[in-house]
Amino acid sequence: MDDVQSGKLETLKAYGDYFANLGPETVEHLHHHVTPDYSFTDPFNTINGPDRVCAYLDKMFRDTENPQFIVTHHAVDNDLGFLRWRFTARISVLGNWDVTGMSAVTFSDDGTRISSHVDHWDSGMAFYARIPVLGWFIRRLAARMAVS
């Protein structure tokens, strides 16, 4: 691995550590890891700007109990970084939530900050299928589509 890729891996690890150690008092530290034009996308949102992402993360702490990210893997391939993670929390409507996902991030030109973050996880089974009436329909549809 050359020096540029090593630097990106260190940037990615620091960014992953930010999420692994995230708490209400550390949300604003996001600014240390991202560019001013940073964008964040998950299955429900696309949010532009670190201030708006910090507001989103603050809301997560208000809307859930004991949210925690556990980053299990880091990888860098040229201009992309990948984090594999597990998120757990208690959500009032859904109960205990345990989701495994992957994030693809892009780096600033110098590789020292993150410029975009896109989360990939199964919102159908992890979220929608747990909503009472909608969940019944999604689980039934998934069963019909499954290979026996």
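Me: Which residues have the most contacts inside the largest nonpolar core?
Reply: In this predicted model, local features need pLDDT of at least 70 and side-chain atom pairs count only at pLDDT 80 or more, whereas totals for chains, interfaces and linings use all residues. A nonpolar core is a set of buried Ala, Val, Leu, Ile, Met, Phe, Trp, Tyr and Cys residues joined through side-chain atoms within 4.5 Å; buried means under 20% relative accessible area, exposed over 50% and partly exposed in between, with a 1.4 Å probe and protein chains only. The largest such core has 30 residues, and those with the most contacts inside it are Tyr 15, Leu 22, Leu 30 and Tyr 38.

Me: Which elements give two or more residues to this core?
Reply: Residues are numbered from 1 along each chain as its sequence is written, and side-chain values use heavy atoms, with hydrogens and water left out. Helices (H or I, at least four residues) and strands (E, at least two) are DSSP runs, numbered from the N terminus. In soluble globular proteins, nonpolar side chains tend to be buried together. Two or more residues of this core come from each of H1, strand E1 (34-41), helix H2 (50-63), strand E3 (64-77), strand E4 (80-91) and E5.

Me: In what order do the elements of the protein chain run from the N terminus on?
Reply: The protein chain has four helices and six strands. From the N terminus on, their order is α-β-β-α-β-β-β-β-α-α.

Me: What percentage of the residues of the protein chain count as buried?
Reply: The accessible surface of the protein chain, computed by the Shrake-Rupley method with a 1.4 Å probe, comes to about 8800 Å², and 54% of it belongs to carbon and sulfur atoms. Among the 148 residues of the protein chain, the buried part is 42%.

Me: Which residues does Tyr 15 touch, not counting residues up to four places away in sequence?
Reply: Contact means heavy atoms within 4.5 Å. Tyr 15 is buried. Beyond four places in sequence, Tyr 15 touches Leu 30, His 33, Val 34, Tyr 38, Leu 83, Val 105, Ile 114 and His 117.

Me: How are the rings of Tyr 15 and Phe 19 arranged, with their planes at 80°?
Reply: Rings of Phe, Tyr and Trp (its six-membered ring) pair if their centres lie within 6.5 Å; planes under 30 degrees apart count as stacked, over 60 as edge-to-face and the rest as tilted. The structure holds ten aromatic pairs. The ring centres of Tyr 15 and Phe 19 lie 5.2 Å apart and their planes stand at 80°, so the pair is edge-to-face.

Me: By about how much of a helix are Tyr 15 and Phe 19 separated?
Reply: An α-helix has 3.6 residues a turn, so residues three or four places apart point the same way. Because Tyr 15 and Phe 19 are four residues apart in helix H1 (residues 3-20), their separation is about one helical turn.

Me: How many residues apart are Trp 97 and Trp 121?
Reply: The rings of Trp 97 and Trp 121 have centres 5.6 Å apart and planes at 80°, so this pair is edge-to-face. Trp 97 is buried at a relative accessible area of 11%, and Trp 121 is buried at 15%. The pair links distant parts of the chain: Trp 97 lies in strand E5 (residues 95-107) and Trp 121 in the loop between E6 and helix H3 (123-126), a separation of 24 residues.

Me: Within what arc do the buried residues of H2 fall, seen down its axis?
Reply: The buried residues of H2 are Pro 50, Val 53, Cys 54, Leu 57, Met 60 and Phe 61. The arc is that of the directions from the helix axis to the C-beta atoms. These buried residues line one face of H2, because seen down the axis they fall within an arc of 110°.

Me: Which residues are exposed on the other side of H2?
Reply: The buried residues of H2 pack against H1, E1, strand E2 (46-48), E3 and E4. On the other side of H2, the exposed residues are Asp 51, Arg 52 and Arg 62.

Me: What is the phi of Asn 66?
Reply: Most residues other than glycine have a negative phi. Asn 66 is found in strand E3 and counts as exposed at 66% relative accessibility. Although Asn 66 is not a glycine, its phi is positive, near 50°.
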